[in-house]
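Please have the sequence and the model at hand while reading.

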Amino acid sequence: MGTKISFKRPDGKEASGYLAKAAQAGAPGVVVIQEWWGVQDQIKGICDRFALAGYDALAPDLYAGVVVPYHDTDAANKEMTSLNFLEATDQVVRGAAQYLKSTGVKVGLTGFCLGGAVTILGAVRVPEFAAGVCFYGIPPAEAAKPADIRIPLQGHFANQDDWCTPKAVDGFEAAVKAAGKAVEIYRYDAKHGFVNEQRADVHDRKAAEQAWDRTLAFWKKHLGR
């Protein structure tokens with residue numbers, strides 16, 4: 001449904017990504033950030049679903065073409081730990097936001113795992129976004145202070161998660177609410193990665209559908225359609 005495109009970063013360099021366009025012109029935009037596996041077909045599928053729901057969706061490629069097989073956690077960890085998160089947010093993610101926003105529409109940011117952490121970074125660092133939806137990822141507080149979040153934020157987290165742990169989620173929620181930020185936090189009795197239907201070991205259809213419905217309602221409220 002979508003296609004690979006190139007777009008400009010704020011520094012003028014080229015970046016690439018997968019773009020799925022809504023049927024109607026002038027649709028709001030959503031930037032979709034990959035898991036630590038790269039821009040897998042599942043992430044492209046998320047973009048396609050957003051397009052069907054009425055949003056232009058762009059998944060910028062933070063790994064510059066590298067896609068890691070689901071079984072290779074060592075390779076995924078290597079790619080993630082070698083990523084400069086702040087540069088990726090300020091240049092690739094912001095460039096994607098500027099590309100979608102060029103027609104004057106509102107643009108949201110969402111991401112999964114690694115992309116969840118980038119979503120919170122973008123909520124602090126990228127002025128083009130109007131709202132954000134984070135899935136099971138939180139950056140270190142020193143990289144993105146909860147008090148510095150600029151936009152309405154929705155978060156979806158798994159109770160069975162040894163990376164983005166329930167304790168970390170509790171701490172993040174307490175910090176953003178103490179700062180008076182507009183945030184909705186949802187927890188699911190599911191595993192980390194529960195939205196990814198290509199991973200039978202973690203996918204939870206009921207939780208994924210509930211999170212999807214909540215995300216679309218959030219976009220409708222903050223981005224329009």
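The sections below cover the sheet, a helix and the aromatic side chains of this predicted model.

The model holds an open sheet of 8 strands with mixed pairing, arranged in the order 1-2-4-3-5-6-7-8. Its edges are strand 1 (3–8) and strand 8 (183–191), each of which pairs on one side only. On average, and with direction ignored, neighbouring strands are turned by 25 degrees against each other.

Strand 1 pairs with strand 2 (residues 14–20) in the antiparallel sense, over 6 bridges. Here threonine 3 stands opposite leucine 19 of strand 2.

## A helix across the strands

Helix 4 (residues 114–125) lies across strand 3 (29–33), strand 5 (107–112), strand 6 (131–135) and strand 7 (153–160). With strand 5, helix 4 makes an angle of about 145 degrees.

## Aromatic rings

The whole structure contains 11 aromatic pairs. In one of them, the ring centres of tryptophan 36 and tryptophan 37 are 5.6 Å apart and the planes stand at 70 degrees, so this pair is edge-to-face. Both tryptophan 36 and tryptophan 37 are buried.

Phenylalanine 112 and tyrosine 136 form a tilted pair, because their ring centres are 6.4 Å apart and their planes are at 55 degrees. This pair links distant parts of the chain, 24 residues apart: phenylalanine 112 is in strand 5, and tyrosine 136 is in the loop between strand 6 and strand 7. Phenylalanine 112 has 4% relative accessibility and so counts as buried; tyrosine 136, at 0%, also counts as buried. Ring pairs join Phe112 and Tyr136 with Phe135, Tyr188 and Phe194 in a cluster.

## A charge over a ring

Arginine 49 lies over the face of tryptophan 212, 3.9 Å from the ring centre.

Terms used. Residues are numbered from 1 along each chain as its sequence is written. This is a predicted model: local features need pLDDT of at least 70, side-chain atom pairs count only at pLDDT 80 or more; totals for chains, interfaces and linings use all residues. Side-chain values use heavy atoms; hydrogens and water are left out. Two strands pair if DSSP finds at least two bridges between them. Helices (H or I, at least four residues) and strands (E, at least two) are DSSP runs, numbered from the N terminus. Axes are lines fitted to C-alpha atoms, for helices over the stretch in contact, and angles run from 0 to 180 degrees between N-to-C directions. Contact means heavy atoms within 4.5 Å. Rings of Phe, Tyr and Trp (its six-membered ring) pair if their centres lie within 6.5 Å; planes under 30 degrees apart count as stacked, over 60 as edge-to-face and the rest as tilted. Buried means under 20% relative accessible area, exposed over 50%, partly exposed in between (1.4 Å probe, protein chains only). A charge sits over a ring if NZ of Lys or CZ of Arg is within 6 Å of the ring centre and within 35 degrees of the ring normal.
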